[in-house]
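Here is a short briefing for a reader new to this structure. Please look over the model first, then read the notes by topic.

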Amino acid sequence: MRRGVLVRVIAVGLAAAAVAVAVALLVPWLPTPASKEADRIDFVFWFVTAICIAIFSLVAGVIVYAVVRFRARPDDDSDGAPIHGHTGLEIAWTAVPAALVTAIAVVSAVALAENDHLPKHHMRVNVSAQQFAWSFSYPKYKGLTVSTLHLPIHVPIELKMNSKDVIHSFWVPQFGQKQDLVPGITTRLVITPKRLGTYPVVCTELCGEGHAIMRSQAVVQTPRGFAAWVKAQEKLAAQAQGAGGGPGLVAFNNNGCSACHTFKPAGSKATTGPDLDNLAADARRAGKPLAAFIQQSIVDPNAYIEKGYQPGIMPTTFKTLPKDQLDALVQFLSQGQK
Ligand code: CUA
C-alpha cells in the first residue's frame, strides 16, 4: 500500500474513532456503580466497547477511503480489475477476531466468577417477592423483616431469594446485576456495596397488574448508621410486641403490607395504597364494622375501593393467608383506630 493511501485511511479511521469515543463517553449510558460487582460488569462493558470502537474505526477508515477513491466516474464503463484471494489478509481477519472474542470470553468469565464468589465474612439477607411487594429479612438480627433493603457499606451481602407466587426479578441498577426470583427454588446474588446512598429496587420481570409499582429502595449506610437503623427497627418491633401487635407486625412486614401502606404502629410510610391509620373512617364509609371491614379488605381487596385508588392493584392472594396470621393482622390493624 502506498504511504498516501495509508495516511488517508488512518485519518478517516481516527475521525470515526473520535466520534465513537465521544458517543461512548459523553452519554451517561450506565448508572454510577455502587457495588464492587457493578465495577466488574462495567469493566467488561468498557473492555468490549473499546474493542468495538477500534474495529469500527478500522472498517470505517477503509470503507470511506474505498468509496471515495474507487467510485465510478461518470465516463467510466470499464469493468473492475479481476482480483484473487489474499491469503495474508484472510488469515489476519480470521485470527484477530478469534483472539478478540477469546479475550472477551475470558474477561467475562473471570468477572462472573468473581461476582459469584462469597467471602467467608458476609451477611445474609433473605429476599421475598410477591405480587407486588418486596420484603427483606435479616437472620443475623433474629429475622428482622422490613420492606426497604438496608445494607452496611463494604460488607459482602448474600441475598437468598424466594418468590411466593410468580416469577419476579430483583434489580438495583447501581448494583449492576439482575436475578430472577422463581417460586419453588432459592436463587442468590452477592452484593458488596461500595458507595453510600439510596438506590431503587426494581422488579424487572412482568409479574402482573402491579408490576410497575413493585419497587422498593436499597439504602447503603455507614456501619454506624446501619447499626442505628437495626436498633431502631428492633425497638419498633419490641413496641409492637408490648402493644400486643407482635405477630401482627411480623405478618404485616412478611406479607409486604409495609411496602405499599402507611401505618404508624409499623413505622411504614409508603403511599401506593390507602393510609391504614384511617381505617375506622374508611370502614364507616364502606358501612361495615371495623374488624369485618379490615378482614374483607385483606382477603377480597376489590370489594371496597377507597376514593382515589384503583381496583386490581392490591394482590388478591392474601385469601390464602393462614387463619392465625389473618387474625393477627386484623387485630394489629384494628389497634389505635378511632
Ligand atoms: Cu414483580 Cu414485576
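This is a predicted model: local features need pLDDT of at least 70, side-chain atom pairs count only at pLDDT 80 or more; totals for chains, interfaces and linings use all residues.

**Positive patch**

- Arginine 73 sits in the loop that runs between helix H2 (36–69) and helix H3 (87–116).
- Arginine 73 belongs to a patch of positive charge on the surface.

**Nonpolar patch**

- A nonpolar patch also lies on the surface, with about 930 Å² of accessible area together.
- Its residues are Val19, Val21, Val23, Leu25, Leu26, Val27, Trp29, Leu30, Phe45 and Trp46.
- Helix H1 (3–26) supplies at least two residues of the nonpolar patch, and so does H2.
- H1 gives the most, with five residues.
- Leucine 30, one of the patch members, is found in the loop between H1 and H2.
- Leucine 30 is partly exposed, because its relative accessible area is 33%.

**Aromatic pairs**

- How many aromatic pairs does the structure hold? The structure holds 14.
- One of them is stacked: phenylalanine 43 with phenylalanine 47, at 6.1 Å centre to centre and 20° between the planes.
- Both residues are in helix H2, four residues apart, so about one helical turn separates phenylalanine 43 from phenylalanine 47.
- Phenylalanine 43 is exposed, with a relative accessible area of 51%.
- Phenylalanine 47 is partly exposed, with a relative accessible area of 26%.
- Phenylalanine 293 and tyrosine 304 form an edge-to-face pair, with 5.6 Å centre to centre and 70° between the planes.
- This pair links distant parts of the chain, 11 residues apart.
- Phenylalanine 293 is in helix H8 (residues 290–299), while tyrosine 304 is in the loop between H8 and helix H9 (323–334).
- Phenylalanine 293 is buried, because its relative accessible area is 3%, and the cut-off for buried is under 20%.
- Tyrosine 304 is partly exposed, with a relative accessible area of 23%.
- Elsewhere, ring pairs link four residues into a cluster: Tyr138, Tyr141, Phe226 and Trp229.

**Backbone features**

- Most residues other than glycine have a negative phi, and most peptide bonds are trans.
- Which bond is cis? The peptide bond that joins glutamine 131 and phenylalanine 132 is cis, with an omega of about -5°.
- Phenylalanine 132 lies in the loop between strand E1 (123–130) and strand E2 (133–138).
- Lysine 142 is not a glycine, yet has a positive phi of about 50°.
- The loop between E2 and strand E3 (144–146) holds lysine 142.
- Lysine 142 is exposed, because its relative accessible area is 79%, and the cut-off for exposed is over 50%.
- Histidine 154 is not a glycine either, and has a positive phi of about 70°.
- Histidine 154 is found in the loop between strand E4 (149–152) and strand E5 (157–163).
- Histidine 154 is exposed, with a relative accessible area of 53%.

**Distances along and across the chain**

- Where is leucine 181 found? Leucine 181 is in strand E7 (residues 178–181).
- Leucine 181 is buried, with a relative accessible area of 0%.
- Leucine 181 and valine 166 are 15 residues apart along the chain, and their C-alpha atoms are separated by 8.2 Å.
- Lysine 307 lies in the loop between H8 and H9.
- Is lysine 307 buried or exposed? Lysine 307 is exposed, because its relative accessible area is 76%.
- Lysine 307 and alanine 105 are 202 residues apart along the chain, and their C-alpha atoms are separated by 55 Å.

Conventions
Residues are numbered from 1 along each chain as its sequence is written. Side-chain values use heavy atoms; hydrogens and water are left out. Patches are made of residues with over 30% relative accessible area and no salt bridge: like charges are joined within 9 Å, nonpolar side chains (Val, Leu, Ile, Met, Phe, Trp, Tyr) within 5 Å. Accessible areas come from the Shrake-Rupley method with a 1.4 Å probe; for residues, only the protein chains shown count as cover. A salt bridge is a side-chain nitrogen of Lys or Arg within 4 Å of a carboxyl oxygen of Asp or Glu. Lys and Arg count as positive and Asp and Glu as negative; His and the chain ends are not counted. The place of a charge is taken as NZ of Lys, CZ of Arg, CG of Asp or CD of Glu. Rings of Phe, Tyr and Trp (its six-membered ring) pair if their centres lie within 6.5 Å; planes under 30 degrees apart count as stacked, over 60 as edge-to-face and the rest as tilted. Buried means under 20% relative accessible area, exposed over 50%, partly exposed in between (1.4 Å probe, protein chains only).
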